[in-house]
Amino acid sequence: MPDRAKILLVDDREENLIALEAILSSLDLVPVRARSGEEALKALLNTEFALILLDVRMPGMDGFETAAHIKRRERTRNIPIIFLTVVDSAPDYAFRGYAAGAVDYLTKPFDPWVLRAKVSVFSELYNMNKRLAEQASMLRERLTAELPPGAGDQSAILPELSRRLTAAEDELARVRELARKSPDPGVAAPLSDLADRLAHLRAGFDALS
């Protein structure tokens with residue numbers, strides 16, 4: 001079984017972290033806490049995350065500065081960030097959030113159902129990307145393997161690869177339906193990129209078959 005997707009929760013207030021964990025408790029993911037921007041950057045050094053929920057107002061390194069550091073790192077620049085802040089924040093906070101590379105921006109108190117739906121879509125996209133990477137690796141190994149036509153294990157590899165590709169295509173359709181029910185502008189681009197990658201993988205397999 002693949003590892004569950006990890007979500008980084010960044011907030012300097014304990015009660016907010018507890019609330020976020022409660023909201024996300026029904027999802028099949030692992031929440032990881034960070035009480036500051038510095039803690040978040042340390043967590044990102046050795047752990048792969050599907051999504052970051054980042055509070056804007058924090059003492060010391062605030063959310064915008066933390067996001068800037070995340071986007072400058074090659075290893076972490078593509079991790080989606082959803083900014084969270086209180087409703088009375090400065091009017092330019094939303095603009096600054098998107099300019100800093102956030103895929104979304106929610107004000108507190110936010111609707112738990114909305115947040116859970118957004119996190120669910122991004123974690124599903126992350127899991128699908130992981131599976132596609134595994135399928136692509138398997139296909140590359142098959143393409144580079146020096147197997148003569150009709151070799152014994154060829155008949156076993158191709159059906160298994162076809163099964164996995166079909167499962168990925170079915171899951172993509174499910175994620176698209178989930179995204180349609182909960183429209184989110186930040187999901188459109190990664191979902192389209194994922195569909196393109198899967199189409200290329202299918203084309204490569206069809207050429208191999």
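Angles under 35 degrees count as roughly parallel, over 145 as roughly antiparallel, 65 to 115 as roughly perpendicular and the rest as oblique. Helices are DSSP runs of H or I with at least four residues, strands are runs of E with at least two, and numbering starts at the N terminus. Axes are lines fitted to C-alpha atoms, for helices over the stretch in contact; angles run from 0 to 180 degrees between N-to-C directions.

Helix α2 (residues 37-46) packs against helix α3 (residues 63-72) at about 20 degrees, with the axes 9 Å apart. The two are therefore roughly parallel to each other. From α2, the contact (heavy atoms within 4.5 Å) uses G37, A40, L41 and L44; α3 supplies T66, H69 and I70.

## Model basis

This is a predicted model: local features need pLDDT of at least 70, side-chain atom pairs count only at pLDDT 80 or more, and totals for chains, interfaces and linings use all residues. Residues are numbered from 1 along each chain as its sequence is written, and side-chain values use heavy atoms, leaving out hydrogens and water.

## The sheet

Five strands form an open, parallel sheet in the order β2-β1-β3-β4-β5. Strands pair if DSSP finds at least two bridges between them. Neighbouring strands are turned by 20 degrees against each other on average, direction ignored.

β1 (residues 5-10) and β2 pair over six bridges. V10 stands opposite A34 in β2.

## Helices across the sheet

Helix α1 (residues 14-24) lies across β1, β2, β3 (51-55), β4 (81-86) and β5, at about 175 degrees to β2. α2 lies across β1, β2 and β3, at about 160 degrees to β1.
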